Amino acid sequence: MLPYLLNLAILLGIAVILAWSLNVLIGYAGIFSVMHAVFYGAGAYVAAQFALHVSADFMLSTLVAMVFTGALAFLVAVPVLRVREEYFVVAAIGFQMVASTVFITWEGATGGMGGLSGIPPAKVLGFELISPAAYLVLTLACAAVCLLALVALVRSPFGRALKALRDDETAAIALGKHPVKLRLIATTIGGAMAAIGGSLYAFYVSFVNPESFTLDYSVLLMAMVIIGGAGSLLGPVLGALFITVFPALLNFLQVPSSVLGPVQQIVYGMMIVLLMMFMPEGLVSAGKLLPGRRK
Amino acid sequence: MSLGLNEVYKSFGGNQVIDGVTLEIEDGKVTSLVGPNGAGKTTLFNLVTGFVAVDRGTIRFAGRNLGGLSPQAVKRHGLVRTFQNLRLFLDMTVLENVRVALESDLSMNFWSRRNLAQVEKVLRRVGLWEQRQKMAGELSYAERKFLSLARVLATGAPCLLLDEPAAGLDGPSLRLFHELIREFKNGGGTVLLIEHNLDIVRDVSDRIVFLDKGRIAAAGTPEEIFSNPVLGELYFGIRVAAATAGEAGNAAR
Amino acid sequence: MLFWQLLLQGIAAGAGYALIAVGFALIYSTTRTFHFAHGVTYALAAYAYYAAVQTLHWHPAAAVVLAACIAVLFGVSVDALVYQPMRRTAASFLTLFAASFGVLVVVVNCLVLGFGNSFYSLSGALSRGVEYGPFVVSMANLTEIALAAVLIPLVLVVMRRTRLGTFFRAMADNNELVEVFGFRSRRYVRLAFAIGSLCVVPAAVLAPYIGGIQPGTATVVTLIAIAATIIGGIDSIAGAALGGLLLGVAENVGIWKLSSAWKPAISFGILLLFLIVRPTGILGARGRRA
């Protein structure tokens, strides 16, 4: 039981980090990105390659992964953010599809369909992390760092400018804010943070392949943020909790595994529909029960 | 530091909304832009502040050409505007609304004492300091109008373009508004004001400009304008005789 | 040689995409709704046809009617039950999109529960190949091209020459204005969804004869329809058709030189290219801000 729970906790921690990173785009910058698994994957692959060929030091690998993924996010965002809202959604999906194909075909970097395996255990300050408990501590530490970063972001002038942009873009522009610049930076930050999740995943599972970084997972991440409530710190946590724990619950209730996948999706889908209709602010707004305000 | 428009033209889909406007807004003075709905007043604001590009003509401020600049750049050059429908950040507090106006968006400077001092000064002056933690969406109508004003005052910009800033304000609020404008003007600031309320226009302006169908129909001091029977009739629909008596009464208020 | 064969297949696929894209574009341009669940309409119609013919042994014509009814019913219902209530609360574009997406996820997975994940196909007169010299084309492909060639111009004619079309175009230009003038735009929104949903039916009922159907195609089809619409120019129905044709051809010809793993990436690669280089699309003229 304990190993199972530890595993669940670690995966939950990674999901929370990913959901938080996506929230920077969706909740703070108002960018409806359905391609976040690409940044997760990029972070995982870079960390994996670094660990395999240079050093298994966790902080170093993660840093490298963050820089690379942040740069990738920036480069993708530059052309894509210039398009209108509706197009951005589709562009993001399009980019995800292209990226998935790249993950599969670029054997040199990603190991193709087979992926990269045999990733050495993470080293923190010289110590090799082997046990799940150790990885849990590492995950929690990373989550804490991410939380601090997010709190700092929200309280900074940058965070306020983003909020103003979401609230009334025209007024924000009149007061000197640059929407594209702000969104570019937010996307870069979100991408870099996703790389943390990717790195944790790569070291913990010691194996990465394209199947973990598909459109389906991007959609799941988006669902976490939306169901939990975008734009808040607690929302993504609730969303990640719900989506990570729910399948485990279904398992417990002995729902047959052939039916598990679709049933999960149906529940998520229904939740998204109902929430968007009646509680667009997500689960986190359950206390308020306000009608959704126009963006 | 004056704001000058020279032979500005703008049309939208075949409609000549601004039809050759040449205007000099004097420094340190309050100029009111009046005219019927659809005369092009807000379009003029949009042209000056970079939200819309001119078809022909130039707009200069403090010796620099504002043509082709983005609204953000225009703000950097010292002109800020308000909106007729306010456009407050309703999901942010009063304090945050003003902070956002002052701050540079890239600064990671969380806690600039100077910024906060400036914010406090402005909020106290407009009487919103006590409500600084309230959401802008929870404010009363008059409070919202003053928050809109506070935002632009806080930026420290020397030139304000205010779109119907006093509409719907009464008695004490109106007096506060006059005081704020007068203070700003006395500090060397320039104000261009769109307003429909004639009492406000008369009391606050140093100069009045009439815009009609995209052209300047008349311009002058309040005395010149209001004592001109033709203009009075045409634009205000007042009969001069009755008006004189009425104005005397209003002036006494 | 292979190239021409692939080109032909591409045109056939493109014809199907064009029909679906036209439906999406009609709905979007008139109601400004990003009907992400449009692909579901396609999938439901396809499965309805399949079930009617295969399981219930209906005559294909009757099955087509059934598929059409289901498509229209679904499109109009989603609008009435999900989109319209949300429009009333002035939900943002993204909230509407998310809800639409949710509908897609729910229905696709219901289809998975009902039919499973494997491909279902039908064989019959339509799936038989026809030889034209060195090329082989299936009857279904030919039918699809023929239907598209007839129906799409028909839609365009309706848009240009009929009162309904004029009204649709007025809605596309300015939805609020239309409401101000007191027309019952609600009725026309429903019509837009009905006709838009109907457009997918020819492609949907032919699908079991061509590649087979699978619940996952709903998502892919939606994405391609949207891509085609954007590439063609978001306010242009003819553009959407053109975009669909272009993508169909590109996808099939593309695998001449690239491995088939690249197939999904091709369409999106083209879409991204357009978004960066020419966001207004092939036939789009206005880059209107929402």
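**Note on helix packing and a chain interface in a predicted model**

1. In this predicted model, helix 1 (residues 2–28) of chain A packs against helix 11 (residues 234–252) of chain A at an angle of about 140 degrees, and their axes are 8 Å apart. Angles over 145 degrees would count as roughly antiparallel; helix 1 of chain A and helix 11 of chain A are therefore oblique to each other. The crossing of helix 1 of chain A with helix 11 of chain A is right-handed.

2. On the side of helix 1 of chain A, the residues that meet helix 11 of chain A are Leu8(A), Leu11(A), Leu12(A), Ala15(A), Val16(A), Ala19(A), Trp20(A) and Asn23(A). Their counterparts in helix 11 of chain A are Pro236(A), Val237(A), Gly239(A), Ala240(A), Leu241(A), Thr244(A) and Ala248(A). By class, the residues of this contact comprise 12 nonpolar, 3 polar and no charged.

3. Between chains, 25 residues of chain B are in contact with 19 residues of chain A. Helix 2 (71–76) and helix 3 (94–102) of chain B are the elements that give two or more residues to the side of chain B that touches chain A. The residues on that side of chain B divide into 10 nonpolar, 5 polar and 10 charged.

4. Helix 8 (residues 185–199) of chain C has 15 residues, which at 1.5 Å a residue should span 21 Å; its end C-alpha atoms are 21 Å apart, so the two values agree. Buried residues in helix 8 of chain C are Ser185(C), Val189(C), Ala192(C), Phe193(C), Ile195(C), Gly196(C), Ser197(C), Leu198(C) and Cys199(C).

Key
Residues numbered from 1 in each chain as written. Chains lettered and ligands numbered in written order. Predicted model: local features only at pLDDT ≥ 70, side-chain atom pairs only at ≥ 80, totals over all residues. Axes fitted to C-alpha atoms, helices over the stretch in contact; angles between N-to-C directions. Helix = DSSP H or I, 4+ residues; strand = E, 2+ residues; numbered from the N terminus. Parallel < 35°, antiparallel > 145°, perpendicular 65-115°, else oblique. Left-handed = near helix turned anticlockwise from the far one by under 90°. Contact = placed C-beta atoms within 7 Å. Nonpolar A, V, L, I, M, F, W, Y, C, P; charged D, E, K, R; others polar. Expected span 1.5 Å × (residues − 1). Buried ≥ 20, exposed ≤ 12 C-beta atoms within 10 Å, placed from the backbone.
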